[in-house]
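Q: Could you take a close look at one part of this model with me, and then follow on to how the larger pieces touch? I'd enjoy a connected walk-through.

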Amino acid sequence: MAKLIDYLKDRRILSLIIIVLLLLVLDIFYGAGPPYYLHFGIEFTNGTQIPITLEQPVNPDTMSRIISILQQRVSTYGLKQVTVEGIGNSNIYVIIPSTSGKEINATINIIQSQGVFEGIVNGVEALNGSDILSGSIGVVPPTTFNGNVSWAVDFFVTQSAAERFAKVVYGQANKPLYMFLDRPTSSIVLINATLLKNASLQLSFQQALSALQSAASFGSESIPVEVYEPNGSNWNSLYSFFAAHNSSYRNVILAKNTPKFMVENLTRLNYSIVYVSVQNMTPEFEPVSNPLNPTSTSYIVSSWPAIGLLSAPLLSPGVTNGLSNGSLIQSYQISGYAPPSLPLESKLSYAQQQSEMIASILSGGALPVHIIVGTPKVIPPTLGKHFLYISAIAAILAVAVVTLIIVIRYRRAFLVLPIMLTTFTELFIIVSVIGLIGTIDLAAVAGMIAVVGTGVDAQIIITDELITGKSEAMKFKLGNAFYIVWADAILLIIAMLPLLFSTSLVDIVGFAESAILGALLGVLVTRPAYGAIVSIHYGEKGEEKKEEKKEGVV
Amino acid sequence: MNLTNIYTYKNLKILMLIPIALMFFGIYFSYHIPFDTSLAGGFSISLLTNQSVNTAALASNLSSTLHVANPEVLKSPGGISIIIPMNSSLAEAEKDLIAFYAYKSNYTSYSFNVTSIGIALQHEPNNSTLLAQLAFSKKGLNESLLGMQNALSNELNALKPFVGSISYNASNVENMSRVAQSAYTQAGNVYEQKIINAIKPFVKFSSYSYEEVTPTMSSFFLSQLRTIIIAAFILISIAVFFIFRSPIPSLAIIFGAGNDLIIALGAMGLFKIPLGIASVGGLLMLIGYSIDTEILTSIRILKRHEGTPEERAYHAMKTGLTMTTTAIATFATLFAVSIIAYVPTYYEIAGVVLFGLIGDLFTTWLGNAPMILLYKKRKERR
């Protein structure tokens, strides 16, 4: 009987052990954390899948634009861990890890909701979504001149809107047009003081605050901007402000990392809390020089997603002179330059992105095609647990059945251990890899069980050639066996490829992932290790037997 | 294991009749394969309960309250699953809604044309090209508005049983859009509630899983499933030709894979195992895996030299039978678990592979192996 150390010395066995240990560490440190370290699909963890059908098939570019718009819509509303997945060229799944009717309906509303665009100049509404003629928003391709890249978006407004716009912007040349998408109402912003400091712009705290306040101003619907010190030193005065205003404002918009005690206090004051990411809470400032007085620089807020402020182009003198020549302007253009410091390639892509973003804001974040939201598929938590339990039982039973057959067939109890060991480690590796970089769903588990049943073929071929073969040397026989094992594995992988690359049958792609991973692991790692264990064990015995036989003959 | 070596029989060709007969059986029954919700469209509901449920009474209640033929109620130890065919009114409404949106897209572009041509005409009031374009766009605008109105009224008509009569402003495009979408969503919710209410008197349950697959989606999935299977079959054929580099053994192996597929489909038709999205996993597994034994036999008969070809075929059969038996046992386990605990994904995958592999026993050892053996003998005689 070979000693344990002999097994450990073998390169094939050692690499299997190292891979298993490595994955164990990855699972624990990089996994999602308790209760599930690995990423499981909604069939196991519970959740809801909302199917969306597009009005017509779209090309991959449009599909990815639709997906990113939907992703943005759901993420700005603070819905966490929402997956938006394109299915072929005319369907989309939105998957949320929740089964509460309230959250499902909220998500559906968000998916269906068209955003509302508002353009505000100097605290007065100059434009809104319904002013813009639908279908009139056009992205002008970026143009390059002298190494500078400019971008532009054209749009038409209705006649009555043109009149109002002309009045509002009269005399406001070089002032920003604050472009909002879904500007919140009845809300107060609570912002961390450190976000108001911008070292590169040499912006003072006071300048930053007044820039924020003017961006947030809109007559009676202005959004108060309250600043807290991270150490909580000014909380008392803030608290009294909030306490005095809880009848006139309903919501407080704050970043996720706001101190807990502040959030608790605000909740007690009956405010609803609207969480935004720290990134969305961080305003971007831009210096604006005044052409009449070039030495003084003022600052504007060019973007502040927390309140839906997404862009702030400056009004050109051409549109702020009123009805100078008697005819009303109905067509407008928003344009700008890519930062001169960028290389040309990046300038072009910046310009493209910028103009697409402006076009998307003007259209209220509208999708390029109409969508039809279907009935959500809900997996309640109890059912998810049931599936998980059943799957575990099925996998264990499969391993047991396979082991039993092999042992009966070869009548050698020793084989139980290596077969179970290799099969279980194979399962562990597949579960870890798919759980870390993908999603373990019912299809993936079915694939794993299939791999248990089909991968064992390799073990049978190896065992047959090794322990029932005749006189050839171990090494040669192992090579023989592996030729067939390789051919089998490659054919299985090839058969699964069309499914692996399918973008439409995503419910079942996990099956192909497991099967391919299993087949690869089989030929590269686990079967060689199995072959090594068996040949170390029987190799020695075999040699002994052979010698005995020879002696007998002599 | 002591089996007689069938490959020493004189008339090997007779053996081949069995897999061929199975092929005809498969072709015949494959026309009777039921589709599951994912490919036929419809609704599926799963709920967990420990109660005993009168499934027949529940099915007939569902049938009478929902006016659908043959709702299926399946019982498993943990709970029950219900499958209801697509409701024709909802399917009709989905079609109308898609048509509505197509007209709306046209309407939007025509309305932009009308405005922009109008602005251009302010500068050149007598430009005849522009005037002609304006007339054309106005005509298109009216036609698409009419199309929207028709599609919406058809949709609301179809949805009447669920949401009653809904009024809308036929001249306001945005209002019509909102009504078109919300009526469809609302009808879906009402239908779900109707189904749940029809189940309630028979079972106590707190939570359930509900899934709807619309006809658009299901027909899309079906076409994808076909494409994937055909692509896999072609790829595998190329790979087999590449491994053997001679036509007859390759064709014999591909015949084996195809025959297994046909037998599996026949068994699905015979035993009413539904074809669904999940089945694609099983079918591909079958294509990729069932030829393992064919490869083993062909390599051993053609490329090895110990003993006679008949002996090698016989040894290959011994190894191959162990392989296939183990795989059959694994998929039988999964199949049994999926029936007992009702997990449709497992049921569809395991069912396909299980029967395909049982067919493979006949295809490989009575069809493919004799074929290769005859080929080898003929080659040796030359």
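A: Happy to! Let's start at a pair of residues: Val84(A) stands opposite Val94(A), which belongs to β3(A). This is a predicted model, so please read every detail here as computed. The strands concerned are β2 of chain A, residues 83-87, and β3 of chain A, residues 91-96; they run antiparallel and are joined by five bridges. Three residues lie between the two strands of this hairpin, and Gly88(A) takes a positive phi near 60 degrees there.

Now to the contact between the chains. On the chain A side, 70 residues are in contact with 73 residues of chain B. Elements giving two or more residues to that side of chain A include the strands β1 (47-54), β17 (371-373) and β18 (377-379), together with the helices α12 (381-410) and α16 (506-553). The largest share comes from α14(A), with 14 residues. Sorted by class, this side of chain A has 42 nonpolar, 21 polar and seven charged residues.

Chain B has a contact of its own, between its domains. Domain 1 of chain B covers 6-37 + 214-381, and domain 2 covers 43-213. Their C-alpha centres lie 43 Å apart. Nine residues of domain 1 of chain B are in contact with 14 residues of domain 2 of chain B. On the domain 1 side, α8 (215-244) and α11 (309-341) of chain B are the elements that each give two or more residues, and α8(B) supplies the largest share, four residues. By class, that side of domain 1 of chain B has five nonpolar and four polar residues, with no charged ones.

Methods: Residues are numbered from 1 along each chain as its sequence is written. Chains are lettered from A and ligands numbered from 1 in the order in which they are written. This is a predicted model: local features need pLDDT of at least 70, side-chain atom pairs count only at pLDDT 80 or more; totals for chains, interfaces and linings use all residues. Domain bounds come from an automatic or database domain assignment. Two residues are in contact if their C-beta atoms, placed from the backbone, lie within 7 Å. Ala, Val, Leu, Ile, Met, Phe, Trp, Tyr, Cys and Pro count as nonpolar, Asp, Glu, Lys and Arg as charged, and the others, Gly among them, as polar. Two strands pair if DSSP finds at least two bridges between them.
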